Amino acid sequence: MRQINRVAVLGAGVMGATIAAHLANAGLEVLLLDIVPKQPSDKEQAEGLTLESPQVRNRIAADGLAGLRKMKPAPFYLPQYAEQISVGNFEDDLPKLKDCDWVVEVVIEHLPIKLELFQKLVPHLKPGAVLSTNTSGLSVNAMAAALPLEVRKNFIVTHFFNPPRYMRLLEIVPCNETDPAVMAGMAEFISRRLGKGIVYAKDTPNFIANRIGVYAIYKGMQHMLEMGMTVEEVDAIAGPATARPKSAAFRTADLVGIDTLIHVGNNSYEQLTEDEEREVFKVPQFMQKMVENGLLGNKSKAGFYKKQQVDGKRQILYFDYNSGEFKPVEKPKFASIAAVKLVDDPAQKVKMVVEGRDKAAEYAWKTLRDTLIYTVKRIPEIADDVLNIDNAMKWGFNWEIGPFEMLDAIGVAKFVKRAEKDGVTVPEALKNVECFYRFNAAGQQEYFDLLSGEYRSIPLKAGQVNLQILKKSGGLVEKNANCSLVDLGDGVFGFEFHSKMNSISGDILSMTHKAVKRAETEGVGLVIGNQGVNFSVGANLMLLAVALAEGAYEDIDMMVRAFQKATMAVKYAKVPVVAAPFGMTLGGGCEFTLHADAINAYAETYMGLVEIGVGLIPAGGGTKEMCLRAVELAQQYEVDPTPFIFKHFKQIGMASVSMGAAEMYGLNYMRRGDSISMDLDRLIADAKQKVLGLAVNYRPQKPLENIPAPGRSIAASIKTNLWNMQMGGYVTEYEKEVGGIIADVICGGDVTPGTPISEEYLLQLERQAFLKLCGNKKTAERIQHMLKKGKPLRN
């Protein structure tokens, strides 16, 4: 296992600075260097500084660091992580590289400039240090040729995707002399410490993700022009309806930058002289004109889309490439796209859309047909197997499923037959494939290797837990439609949600008790986790809406009681329970997590009690937990609980959501002893290890009694603040009322401060408040509004 503690990042532009930020997120010491300015700025001269002043010489790197503090979305998990980064310049500070275990070059994409920098830095490298370049398409071997042999052994491409904190993909490309052990060690380190999904690419232009992704965008434009479709119509098809991100094609282009997209297209056209589809990368004339007119995308606030204010309202317009003018969006409707709106399975969506009979289905088929055939032909040119390509597109372009998974979704034989019917030449290798992914008789997942013509096992990282494979290979203990209980080994069970958006339903609540009981009687502990898109977006509001419509308040009371009993079963299990949240962990998902003995969260966990969004109170024990945590903090520091109650009330009242797991400590959702996993693939395994550690000396607890209530005086202070806010026009009468109800519960009811209360009493207050709010007409209207927007969940 390679140990890396100090990293130098050479180049403090947007990419270099954001890479430095993510290295700091991982707890590494970072040295950020850039060039010395040609001369002092006017401001620096006014301050009496010269080109010899360190502030001037380090200005470019310092500006890169300063820019990180203002950047949105935030590149740091916490602002104070910026303190991990020190700055300098190429002329004065290259000797500091001798203390660095890894040096990352991130200067401009121009080979002579990179080679000149390499010549300067090589004498200062620590023996055995890894040198990598973040190039997105230059030849690694062309760069390696300028390096001594000993350095070449430790030289690789580490291609981060922008923004590095949020984009999971990292492409590794070795040069001809790279030591395989160095490459393997760096892959393991970058995966474990930086949380990256590693794919192995080859020394070809644009590597894997950009080669396929940019081809798909350019080919999509070609079909758009041929079919006379609009930018907006294409994006309605090339997004979630066909298992691609919401940004689809042209919003992605605006995000990346149209000038950047043109640069990649030109680079592809110039270098891919042997590519059978080379002409696809020719930049359309209308795009050239867009750049000439300053339409660069999001960075110029206008590209394929732009926003403007009309009569005080925001209006979105799309670019009409025929007229060169912007037109108001029309939200095009297609039957094939509407048919998959409520379908969750991305593979099923792709299959249904391409089998449709309208213009959208025709466009989807043609673009996917050509992109998938192009991708098949790229093996072994850009990668040796389908895994690296599928992962690259999922992690780098946010496709829900990769190209070869799409072929399986459509059906390989059906795809070949239809493509040939269109008169399109299909690769011979594709005609011999039944499917690209399958489970064998032993429950192991396999992929089809196009080079050997055989199925091979999909490798797992050391310690990685794959719930799907476990269930297929005999680890499934019990299941219903929305959740499963899985044997994780070593006496640890896993409680997995797999409902729509992992929303919490009645059968999940009932299975909770079975999961806890099984762990208590047959094991040593329980992990609550899953491997969906999000941990849980909360409780399903559809059942509540139906009960409200029928006036079935007794049923609502039973629902809330069932939720509370489930979370309390988690909290007071006789064995340790560890929650492993990731992604969106909202409402009821947050409440489940708060009741676990410990939390092992993925670094990108967005957790919060957001029920107030529909006019409700967290009633699955969430409000109760935040009251208890406020009282616990007050007792720990022997102070009045008022500031802690106010803080927690504000979090509930403003539906505060953490922008990463690191923020969950400050929100008191995570506490001392809880931990964060950088690598999503290791999340369940890390949580399992935490269970095993707790199980050694685990002491079960009992529901709390004799809790000193914060009391009515703190609730009165909160209500006074709410009244002032209403008078100032910051909250409505309804919002003041809801806030007052939350204040009563989190303060322990209408009692004198210090009055002994119990945990069960707080749960009773939650239920009463929830039912009272359900009887409010405006709450019912909010719930119905949420459902009409297609969001049938507590979010």
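Rings of Phe, Tyr and Trp (its six-membered ring) count as a pair if their centres lie within 6.5 Å; planes under 30 degrees apart are stacked, over 60 edge-to-face, and the rest tilted. With that in hand, here's a cluster to find: Phe495, Phe497, Phe535, Phe563, Phe582 and Phe592 form one aromatic cluster.

A few ground rules before going on. This is a predicted model, where local features need pLDDT of at least 70 and side-chain atom pairs count only at pLDDT 80 or more, while totals for chains, interfaces and linings use all residues. Numbering runs from 1 along each chain as its sequence is written, and side-chain values use heavy atoms, with hydrogens and water left out.

Back to the rings: the structure holds 19 aromatic pairs. Phenylalanine 436 sits in the loop between α19 (412–421) and β12 (437–439), and phenylalanine 448 belongs to strand β13 (residues 445–449). Helices (H or I, at least four residues) and strands (E, at least two) are DSSP runs, numbered from the N terminus.

Are these two buried or exposed? Phenylalanine 436 is buried, at 0% relative accessible area, and phenylalanine 448 is buried too, at 7%. Buried means under 20% relative accessible area, exposed over 50%, and partly exposed in between (1.4 Å probe, protein chains only). Across the chain, buried residues make up 56% of the 795 residues.

Now zoom out. The chain has 32 helices and 25 strands, and its C-alpha trace spans about 80 × 75 × 65 Å along the principal axes.
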